[in-house]
Amino acid sequence: MEKKISSILIALSWSVVAYSQIHKVERGDSVARMYNLNPIVVTGSGHHQRLKSTATPVHVISSQEIREQGITTFDGALTRLMPQVSMAPNSMGSQLRLNGLGNKYILILINGQKLSGDISNNVDLNRINMSRVKRIEVLDGAASSLYGSDAIAGVINIITDQPTSSLCSFTNTTSVSGHGVLTESATLDIYKNGFGSYTSFTHDRADSYRNNDLEYIKGSDTETQPSIAPLFTGYRANIVGQKFTYAPNKHLALNAGLDYSYKITDRPNTDPNITGGTDYEMRYKGLRWSVGGIYKFTQKNSLQADFTVDRFRYGKEYDVATKDYAVGDYVQSKKQRMMEGQAKAILGLTKNSTTIFGADWRKDYLTASSGNIDEHVYSLAAYAQHEAKVRVGQGFATATIGLRLNNHETFGTRLTPKVTLMYAPGNFRLRATYSAGFRAPGLDELYYHYFSVNRGKAQISFGNKDLKPEKSNYFALNAEYRNEVIAVSLTGYLNRINDMVVKENIPVDDATRQMLMKEFPEMTQEQADKMVSYAHYQNSDKGDVKGVQINVSANVFRGFNLSANYAYTYARTKSGEEWTVLERSIRHVATVAADYHHSWGKYGLTVNLNGRLQSKTYYTGSYEDAPGFGLWNLNTTHTFDVARWLSLEPNIGVDNLFDRVDRRIDSSTRKYALYSPGRMLVVGLKLRLK
């Protein structure tokens with residue numbers, strides 16, 4: 001394989017450890033570096049507080065860490081900095097996993113509002129505008145008391161940035177590397193007299209590639225043939241965003257925003273002389289807008305409300321003429337729309353307590369031509385949470401009790417409680433958490449009547465209107481020690497899920513074939529004869545996820561920091577009486593980073609060496625496990641304060657320093673965990689006018 005140049009600019013500030021954050025400033029301009037080791041977070045408790053004060057542990061990835069590592073994608077930020085997160089990219093959307101559980105169990109929020117629009121239960125992560133990310137907060141475990149359905153594995157909340165420090169600023173960032181990887185983003189921020197306008201545009205692209213040009217011929221373990229089917233599917237994506245804010249006084253703040261996203265895959269076309277090409281590309285479009293506001297009576301008492309509409313659709317755009325379609329024809333597969341209204345009161349009823357009352361309304365629509373669905377469903381919810389802090393001996397204790405009442409149009413009423421306790425003597429923090437979670441089955445799982453043909457093979461799935469919601473119980477213990485030199489955190493957890501919704505494969509006999517041909521008249525006899533099974537959604541499995549997380553970071557000396565994070569995950573599912581390993585789970589993962597920063601006058605240098613090491617990835621059924629690997633990246637950032645109004649930040653780095661590549665030959669029983677094409681040079685430039 002040819003050596004490539006891949007994306008990454010740069011250098012890190014210091015570690016991902018969410019638990020360790022203090023303040024340290026070296027200078028006051030762009031060359032300066034600040035280590036904010038105790039940021040304000042919101043996801044764990046539902047209201048803003050310092051990280052060290054939250055009774056529910058939260059992991060934080062800052063924009064500085066993302067920028068200095070040269071990370072340009074959302075999945076890159078999570079996998080480089082969070083060992084409990086893994087990704088598997090494909091043309092139907094990255095398969096995100098958190099603590100062993102898949103995408104459909106992870107609630108992804110932007111400023112506390114759900115990001116909707118999924119592709120085969122995988123949220124389209126390319127819709128996330130990385131140029132606007134201020135920080136990413138990750139909450140492990142069930143969180144339905146605050147956030148409702150889907151928050152079983154955890155919550156990922158993307159907090160965006162709206163600067164108010166200058167009248168006008170413009171930033172342009174470019175990153176290029178091999179395999180056609182290019183990220184170009186531009187932002188224009190204007191703020192005056194309480195009015196803010198924040199405009200952004202991002203273009204992101206990458207070419208398809210594979211690491212071995214051969215594949216095994218179906219049915220053979222020895223004979224091979226050339227193939228152009230990509231291991232990584234290329235794409236072109238654009239995001240345009242506009243947000244307005246207005247704060248006429250210190251009490252009231254209003255906002256309105258809109259984001260448009262577009263993505264189309266870039267796969268090899270069908271070629272009669274070689275296998276692996278396709279007749280069409282997958283095209284995705286999203287339009288999301290929101291309005292909201294907050295009124296602060298005092299620093300601890302406020303009312304806020306938000307309304308969001310999120311539209312997402314995808315389908316096939318043909319770039320090869322077929323019997324039925326011409327080049328340029330578009331066939332829509334799925335259209336989704338979500339409307340959500342939220343209202344919340346945050347009240348400081350006493351000096352040492354915070355009480356939250358909230359209400360949510362949400363309506364989801366799904367139209368899927370291939371699944372024969374045109375359905376909608378609504379849910380209503382009310383929740384309350386009380387957090388109180390008291391002095392105990394030489395420290396203090398914080399207790400949180402929360403309860404959510406959720407009414408779902410299909411599944412009726414459900415209660416989900418949460419209880420947390422934190423004891424903080426001196427520099428120590430001891431935390432205990434219990435929280436319940438639930439997930440309402442999606443409209444596709446309820447109503448699918450799906451038929452498609454993939455490479456001549458019929459695929460059929462039936463929904464199930466009698467499905468029950470999935471339920472979970474999450475328990476966690478956490479111990480933390482932190483001072484200005486070192487931070488150490490240890491967390492152990494248990495997450496148990498009941499009534500997991502899975503696709504059961506039902507064997508096909510002659511009578512079943514006749515039934516299926518009546519259900520789907522478009523299916524030919526030849527396609528029916530080749531069928532061996534069809535899929536039907538059922539509540540059949542239980543899940544059991546146990547894990548340990550260790551986070552360590554240290555300020556070794558001024559400007560030099562070390563961090564190490566480790567996640568052990570033992571994830572199983574039970575179908576009938578048999579326990580099996582959870583698909584795509586990874587037992588051991590560690591991320592490590594060494595970071596050095598120094599400035600000389602108007603020049604600042606940051607050097608970062610970081611690595612991700614993981615054990616094998618487990619697969620079930622006839623698939624073989626994917627081997628473990630270690631990836632190391634070296635990144636440098638060079639910051640120049642050219643003038644008071646101009647700073648330049650060129651970047652150069654090397655991804656996958658030791659050229660680790662999985663070159664195994666494709667087969668019907670083989671999947672992958674390592675998708676890197678090998679060692680790649682990365683260069684970039686950030687320009688800021690202010």
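Tutor: Rings of Phe, Tyr and Trp (its six-membered ring) pair if their centres lie within 6.5 Å; planes under 30 degrees apart count as stacked, over 60 as edge-to-face and the rest as tilted. This is a predicted model, where local features need pLDDT of at least 70 and side-chain atom pairs count only at pLDDT 80 or more, while totals for chains, interfaces and linings use all residues. Residues are numbered from 1 along each chain as its sequence is written, and side-chain values use heavy atoms, without hydrogens or water.

Start with the rings. There are 20 aromatic pairs in the structure. One of them joins Y209 and F232. Their centres are 5.2 Å apart, with 15° between the planes, and the pair is stacked. Y209 sits in the loop between β15 and β16, and F232 in the loop between β17 (224–226) and β18 (234–246), so the pair ties together parts that are 23 residues apart in sequence. Strands (E, at least two residues) and helices (H or I, at least four) are DSSP runs, numbered from the N terminus. Y209 counts as buried because its relative accessibility is 13%. F232 is buried too, at 17%. Buried means under 20% relative accessible area, exposed over 50%, and partly exposed in between, with a 1.4 Å probe and protein chains only.

The β15–β16 loop also holds D213. D213 and P226 are 13 residues apart along the chain, yet their C-alpha atoms are separated by 5.7 Å. Leaving aside neighbours within four places in sequence, D213 is in contact (heavy atoms within 4.5 Å) with Q225, P226 and S227.

Other rings group together or meet a charge. F451, F462, F520 and Y534 form one aromatic cluster. The charged end of R572 sits over the ring of W579, 4.1 Å from its centre. K671 places its charged end over the ring of Y623, at 4.3 Å from the centre. Such a charge counts if NZ of Lys or CZ of Arg is within 6 Å of the ring centre and within 35 degrees of the ring normal.

Now the core. A nonpolar core is a set of buried Ala, Val, Leu, Ile, Met, Phe, Trp, Tyr and Cys residues joined through side-chain atoms within 4.5 Å. The largest one has 38 residues, and F74, L78, I108 and I136 have the most contacts inside it. Elements giving two or more residues include α2 (74–81), β7 (106–110), β11 (133–140) and β12 (154–160). The most comes from α2, with 4 residues. Leaving aside neighbours within four places in sequence, L78 touches I61, V85, M87, L96, I136, V138 and I156. A second, separate core of 15 residues includes L107, L139, A151 and V155.

A sheet comes next. Two strands pair if DSSP finds at least two bridges between them. An open sheet of 5 strands runs in the order β3-β11-β12-β7-β8, with mixed pairing. Its edge strands are β3 (59–62) and β8 (113–114), each pairing on one side only. β7 and β8 pair antiparallel over 2 bridges, and L109 stands opposite K114 in β8. Helix α2 packs on this sheet, touching β3, β11 and β12. The direction of α2 makes about 55° with that of β11. Axes are lines fitted to C-alpha atoms, for helices over the stretch in contact, and angles run from 0 to 180 degrees between N-to-C directions.
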